Amino acid sequence: MKADAPIVSHRPELALGAVAAVALLALALVPQVVDLYQTQLLTYGLIAAIAALGFNLLLGYTGLLSFGHSAFFGIGAYTIAFLLRYLNIHSMELYLAVGLAVVALTSVLFGYICVRHTRIFFGILTLALSQVVYSLALKLFWVTGGTDGLRVARPSLLFGLITFSGAGSFQRFIQTYYYYVLALFAVSVVILWVIVHSPFGKALQAIRDNETRAAFLGLRIRRFRLIAFTISGTFTGLAGILWAPLNGLATPDVLYWTFSGEIVFTALLGGFRSFAGPIVGGIVFTYLKTYAVATTEYWQALLGAVLVLLVIVLPTGIVGALSQLAAKLTAKAKS
Amino acid sequence: MTVLLQTIDLRKQFGETRACDGVNFVVHQGEFLSLVGSNGAGKTSLVNLISGQLTPDSGKILFEGNDITSATVSERIRAGIARSFQIVNLFDGMTVFDNVALSIFSRQGKATHMAALASHDGAVRDEALEVLGQFGLREKSGIVGAELAQGERKLLDVAIAYSLRPKLLFLDEPTSGVSTRDKAQIMDTVSGIVRAGSVTAVIIEHDMDVVFRYSDRIVMMHEGSFLADGTPEEIKANKDVANILLGAPLSA
């Protein structure tokens, strides 16, 4: 970092805002130039990015590695499946309102238990709790549909203004839903960006760097971790809520611990030390997994090899490596 | 002189080792006090007990007349007790500016605010820059803590604690691990700031030149107890102190 850089300048934020606006515009144009399948795939990518962004508030900014975020994703997905099946609710906005409340409450509950510990103990606790949820989804099959899961029909959007039925409804849904997810993705990015750059976000980073010293600033460490855990779980839950209508099913595989592993993989792939890392990771991982599955039946081995290579060759992830490369090129250009 | 801090028969034992063996410690408002003694004398344990990092086995700690023996660390900080650390304790991944700014946010009760950017709080920014200027770190504001030289790290450690605007500041070996030239610079800076800010300071230090030069009063600890307590001149004249510093046995 440059020593004599101005302490506070709005120029970087304006530049960042301009880059974000261009990226958002580019994402908004994607469905106009690619086919329906690619639009659908990118929607999955944006949803994975939201999940990873939420997850990374804990890993990248608070220094807590959760192996249980599948629980929040899955609870989000199952909540709307229940709302449809048992209350016959079809509104996406109601799904979001109720779903977010449920995942936030679950996150508080899980967080209350887990943030009493750190490092491996925290990771194991999150893993154990998520496996409890997975077991319930499997065993209470008369409620959850067991291994078959529960069907999630295409919901109405914008308080019933947009509905999907009749001929061509699938195509219309994919096209429209992409923009719905994109809007919520943009809102999530803005909210999380403000949080990590707020005094609260700075406090989380301080706790990550040096818990003892943070306590001697008067910060109540457990309280901060609990708030971070709740926000993190809620955003990952939001991803689950958005995923279910796109997938058409809420299935127990998104509650299983391997799905938590995928969220971890996503953050590592993009780079958990940068804000944009999980966004890039979410989109890249979605394409990587999709094409790996389509290419070989040993796709898990392929992803495993990618993970090994990633840790060895690109420990800072895609965004971290690109940042380092850009810094080197800038330094070279100046010399 | 007004008593700011008082410990009454404070005891802490680790296994067979008595880190604090019935310590009655008094700190008066406005003084610059040095706590000296050989390694293992119990100096850091005493500071850990007062700052809340350790819980005493028995005894009482009074701060401004209030019993804080069972207060949490954050309650003690709110009461006005802050400390720096023997091994530098910074937020290495954060900028020098953010290290100090966070301390100010915490003091002002703004550390939980999450709806506004930290960099947009003008009052905190101005205060952080003022503190960094006092400690000679303003030019380093934009670099991360990990990239500072050892002397600067020591200064930042103190600046973080000072930004809490404490009434009582404990400095645990602020000059350890730095060059002789840096020691003088650090102590000149720190003593100047705490005296100008009317902060009461208790410093743990091994370098007796530093101790004699900057202290109003010196307390010597030995095996968990106080061996001597007096002005620099009185301590210089104390044979037991000299014997301990030279590694010789105490007088009978």
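Good morning, colleagues. I shall begin with the interface: in this predicted model, 28 residues of chain A are in contact with 36 residues of chain B. On the side of chain A that touches chain B, the elements giving two or more residues are helix H7 (169-196), helix H8 (199-209) and helix H9 (211-215) of chain A. Of these, H8(A) gives the most, with eight residues. By residue class, that side of chain A divides into 15 nonpolar, seven polar and six charged residues.

Let me turn to chain B as a whole. Its domain assignment gives domain 1, made up of 3-87 + 166-246, and domain 2, covering 91-147. Taken over C-alpha atoms, the centres of domain 1 of chain B and domain 2 of chain B are separated by 27 Å.

Which strands are joined to E10(B) by bridges? One is strand E4 of chain B, residues 32-36, which runs parallel to E10(B) and is joined to it by four bridges. Within this pairing, B:Leu35 stands opposite B:Val219 of E10(B). Another is strand E11 of chain B, residues 225-230, which runs antiparallel to E10(B), with five bridges between them. Here B:His222 stands opposite B:Ser225 in E11(B). E10(B) and E11(B) form a hairpin with two residues between them. In the turn, B:Glu223 has a positive phi of about 50°.

Thank you for your attention.

Methods: Residues are numbered from 1 along each chain as its sequence is written. Chains are lettered from A and ligands numbered from 1 in the order in which they are written. This is a predicted model: local features need pLDDT of at least 70, side-chain atom pairs count only at pLDDT 80 or more; totals for chains, interfaces and linings use all residues. Domain bounds come from an automatic or database domain assignment. Two strands pair if DSSP finds at least two bridges between them. Two residues are in contact if their C-beta atoms, placed from the backbone, lie within 7 Å. Ala, Val, Leu, Ile, Met, Phe, Trp, Tyr, Cys and Pro count as nonpolar, Asp, Glu, Lys and Arg as charged, and the others, Gly among them, as polar.
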